[in-house]
Amino acid sequence: MAVDDPGVVAAFWVLSATTIGGALMVAAVRNLIHAFLFLVLSFIGVAGLYLTLSADFIAVVQVLIYAGAIAVLMLFAIMLTPLAARDNSETIFLAPAAVLAGLVATTIALIAVDTSWPLSDRGPFATTAAALGEALLDPFVLPFEVASVLLVVAMIGAIMLVRED
Amino acid sequence: MSVGLEHYLVVGAILFSIGLFLVLAKRNAVGILMGVELMLNAANLTLVAFSRFIESPRPIDGQAFTVFVVTVAAAEASVALALIVAIYRVRQTIDVDRINILRW
């Protein structure tokens with residue numbers, strides 16, 4: 001069942017334009033720091049799209065982890081490589097990459113529009129955090145534990161890679 | 001005018017293809033990483049959209065997958081950026097075209 005609320009519909013179009021426009025600017029701008037700022041704008045647009053899908057917890061996670069943690073990590077990587085080129089406009093295989101990306105987008109979009117999805121009329125979620133917590137600790141408890149091990153491994157690996165001695 | 005599943009899937013497809021373009025075309029390693037993050041975001045967006053619109057006995061599962069994707073993305077970003085900094089210390093560049101000491 002599609003969403004008819006005019007506020008949500010307007011929010012969808014504005015947030016989609018923000019997200020895709022930000023992503024396009026990441027590809028277009030010349031300065032790497034500016035590209036990074038547009039990437040954060042795109043992440044926040046995706047967080048807003050999650051809100052229009054009534055996924056409130058995921059939206060907060062998106063802002064905290066993508067627009068917060070991963071963005072700061074990227075900024076540190078840019079700042080820690082001061083002698084490297086800040087020029088974001090250097091590209092290789094520009095035309096083939098653009099053609100391939102356009103073909104991929106067209107194919108996925110055509111398949112998405114053409115398929116008759118088994119739509120549900122359950123409406124928006126009233127609340128997701130409690131249900132998500134139950135899902136993570138009941139059917140997904142093994143992946144949940146593996147994810148914690150993965151985070152520890154990644155953290156130790158990152159420290160080992162940049163340690164100076 | 002209403003917004004349905006297809007709208008979100010098309011936005012996800014466009015976002016994914018922009019990320020794919022960045023990965024293929026950029027020469028700066030951080031720019032490539034930005035493309036990877038955009039692709040993961042597009043996948044997350046479609047997962048959450050499916051969880052909202054598709055008939056299922058456990059509709060919240062799509063959002064649980066998204067939590068795992070975000071976890072893996074955070075781990076991937078930290079290791080990738082550590083690799084970039086480590087390569088920079090040796091080569092003073094993060095241009096992937098110039099990191100070619102294995103080429104004969």
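Guide: Helices (H or I, at least four residues) and strands (E, at least two) are DSSP runs, numbered from the N terminus. This is a predicted model, in which local features need pLDDT of at least 70 and side-chain atom pairs count only at pLDDT 80 or more, while totals for chains, interfaces and linings use all residues. Residues are numbered from 1 along each chain as its sequence is written, chains are lettered from A in the order in which they are written, and side-chain values use heavy atoms, with hydrogens and water left out.

Contact (heavy atoms within 4.5 Å) involves 87 residues from chain A and 75 residues from chain B. Buried area is the accessible area (1.4 Å probe) that two parts lose on being put together, summed over both; here it is about 7,200 Å², with carbon and sulfur atoms giving 77%. On the chain A side, Leu53(A), Tyr66(A) and Ile92(A) lose the most area to chain B, together 9% of what that side buries.

The two chains share 1 salt bridge, defined as a side-chain nitrogen of Lys or Arg within 4 Å of a carboxyl oxygen of Asp or Glu. Glu164(A) pairs with Arg89(B) in a salt bridge, with the closest N and O atoms 3.6 Å apart. Helices H1 (6–28), H2 (32–52), H3 (56–79), H4 (94–114), H5 (129–137) and H6 of chain A each supply at least two residues of the side that touches chain B.

Helix H6 (residues 141–162) of chain A also gives the largest share of a nonpolar patch, 4 residues. Leu142(A) is located in helix H6 of chain A.
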